[in-house]
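Please open the structure in your viewer and keep the sequence panel beside it. We will take the tour one selection at a time.

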Amino acid sequence: MKRILSALFLLTCVLFSAACASESGDKTAEGSLMVNADIRLPAEISRNKEETISVAVTQGDEAVDDASDVQFEIWKAGSKDDSEMIKAVHKGKGIYEIKKTFSEDGPYFVQTHVTARDLHVMPKKEFTVGKAAEEESVKADEHEKEENTGDDHSHH
């Protein structure tokens, strides 16, 4: 009997408590919609220049303008232990942003920690600071061309 009660308690916890809901992944209370967080980065990020990084938080078609906590975690590739947490400012229409100046070129990661409507989402994106971005995009273009020519030989 105790086992059934504790299972029921756990289930109730997962469905109704924010603390538990944040760990239950895609399962949300009463099947409500997942909260989505779309990280938006500038097309080019230069060293020693203040950049704006934002995240658009939505639930279904609705902008989430009442998130209880939005933070950006930023770290240089390979140095997750030295990551920096920056609290985002709500700019309206579900857009939360930070300003950040990067002192070094190279690959970085940004992960947002969004707590909204008893849900927690943590999307992550890679980006490059400085000149390396141009070289890599040229390589990506060449790679794409190679793949496209390969498509011409598809079976009819």
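**Whole chain.** Start with everything selected, and bear in mind that this is a predicted model. The chain holds 3 helices and 10 strands. Of the 156 residues, 29% are buried. If you display contacts between residues at least 6 apart in sequence, 59% of them join residues at least 24 apart.

**Colour by confidence.** The mean pLDDT of the chain is 79, and 64% of its residues reach 70 or more. Now select residues 11-29, where pLDDT stays under 50. The model has 15 contacts beyond four places in sequence for this stretch. Then select residues 133-138: pLDDT stays under 50 here too, and the model has 2 such contacts for them. Where pLDDT is low, the predicted coordinates should not be read in detail.

**The nonpolar core.** Select Val55, Val70, Phe72, Ile74, Phe102 and Phe127 and show their side chains. These are the residues with the most contacts inside the largest nonpolar core, which has 25 residues. Which strands each supply at least two residues of this core? They are β1 (35-40), β2, β4 (69-76), β7 (95-101), β8 (106-116), β9 (119-121) and β10 (124-129). Strand β8 gives the most, with 4 residues.

**Gln59.** For the last stop, select Gln59, which lies in strand β2 (residues 50-59). Is Gln59 buried or exposed? Its relative accessible area is 12%, and because the cut-off for buried is under 20%, Gln59 counts as buried. Draw a distance from its side chain to the backbone oxygen of Leu33: the side chain of Gln59 reaches that atom at 2.7 Å. Beyond four places in sequence, Gln59 touches Leu33 along with Ser32, Met34, Val35, Val64, Arg117 and Leu119.

Note on methods. Residues are numbered from 1 along each chain as its sequence is written. This is a predicted model: local features need pLDDT of at least 70, side-chain atom pairs count only at pLDDT 80 or more; totals for chains, interfaces and linings use all residues. Side-chain values use heavy atoms; hydrogens and water are left out. Buried means under 20% relative accessible area, exposed over 50%, partly exposed in between (1.4 Å probe, protein chains only). A polar contact is a pair of N or O atoms within 3.5 Å; within protein, one must be able to donate a hydrogen and the other to accept it, and residues adjacent in sequence count only if both atoms are side-chain atoms. Contact means heavy atoms within 4.5 Å. pLDDT is the predictor's confidence in each residue, from 0 to 100. A nonpolar core is a set of buried Ala, Val, Leu, Ile, Met, Phe, Trp, Tyr and Cys residues joined through side-chain atoms within 4.5 Å.
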